[in-house]
Amino acid sequence: DLMDIMTASAIDQTVRSGNVKLQFHHRLCCIDVVARNFNDDTQTISNLSVNIGGIQYNGIQVYMHKGDAKFSSIPEKSESWNVNDEVTFDILSDAVQVVQNEVKSISGNKNIMLVPQTASLSGTVTFVKNGDTANPVNEAFSSDFDFEEGKKYSIVVSFTGDDVIVLMVQSGAWEERDDVNYEFE
């Protein structure tokens, strides 16, 4: 249930400084789900959920100024949190079609937001393929990298012939928007 967290700061600015430019930074990491279809036939995905294990933290203290060692983020976990617990994220219920040679983001606004961690994750992706509710697809994935703040990661569901392959990859940094204007008083 985490929402994206972004912070910005401006140091040594006063009312006489006029306009203050703030560069906002993502403070969590993001995981989206992407489908790739290498088949000639259109593939349909519905009822998609992602089960993830190995999540180290379920909370974070975030300071406004990023990059200052004195004010870095502090990951936290509640007493009831266990790193061995698995968490299920319901990503998609409606059917989404993926045509031949298409790469399509299917998580939309239901991306998974996590506290950055220096550990790998593993899990399973479960969904209904082409309306076959009697035989849902259940494919495992794992990562071998750390999850850094401000970075985006993808769970890629690939259709190749009759096979479904699921991988977790590093997608890179989120794209920043510099043209956001807000007025504070």
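So, is E149 buried, partly exposed or exposed? E149 is partly exposed, at a relative accessible area of 22%; buried means under 20%, exposed over 50%, and partly exposed in between, with a 1.4 Å probe and protein chains only.

Quick housekeeping. This is a predicted model, where local features need pLDDT of at least 70 and side-chain atom pairs count only at pLDDT 80 or more, while totals for chains, interfaces and linings use all residues. Residues are numbered from 1 along each chain as its sequence is written, and side-chain values use heavy atoms, leaving out hydrogens and water.

Okay, salt bridges. By that I mean a side-chain nitrogen of Lys or Arg within 4 Å of a carboxyl oxygen of Asp or Glu. Searching the whole structure turns up three.

Back to E149: its partner is R27, with the closest N and O atoms 3.4 Å apart. R27 sits in the loop between β2 and β3 (29–37), and E149 in the loop between β12 (137–142) and β13 (151–160), so the pair ties together parts 122 residues apart in sequence. Strands here are DSSP runs of E, at least two residues, numbered from the N terminus.

Next, K152 pairs with D32, closest N and O atoms 3.6 Å apart. That one links strand β13 to strand β3, 120 residues apart. K152 is partly exposed at 24%, whereas D32 is buried at 6%.

Then there's E148 with K151, at 3.5 Å, N to O. Both ends are partly exposed: E148 at 41%, K151 at 30%.

Terms used
Helices (H or I, at least four residues) and strands (E, at least two) are DSSP runs, numbered from the N terminus.
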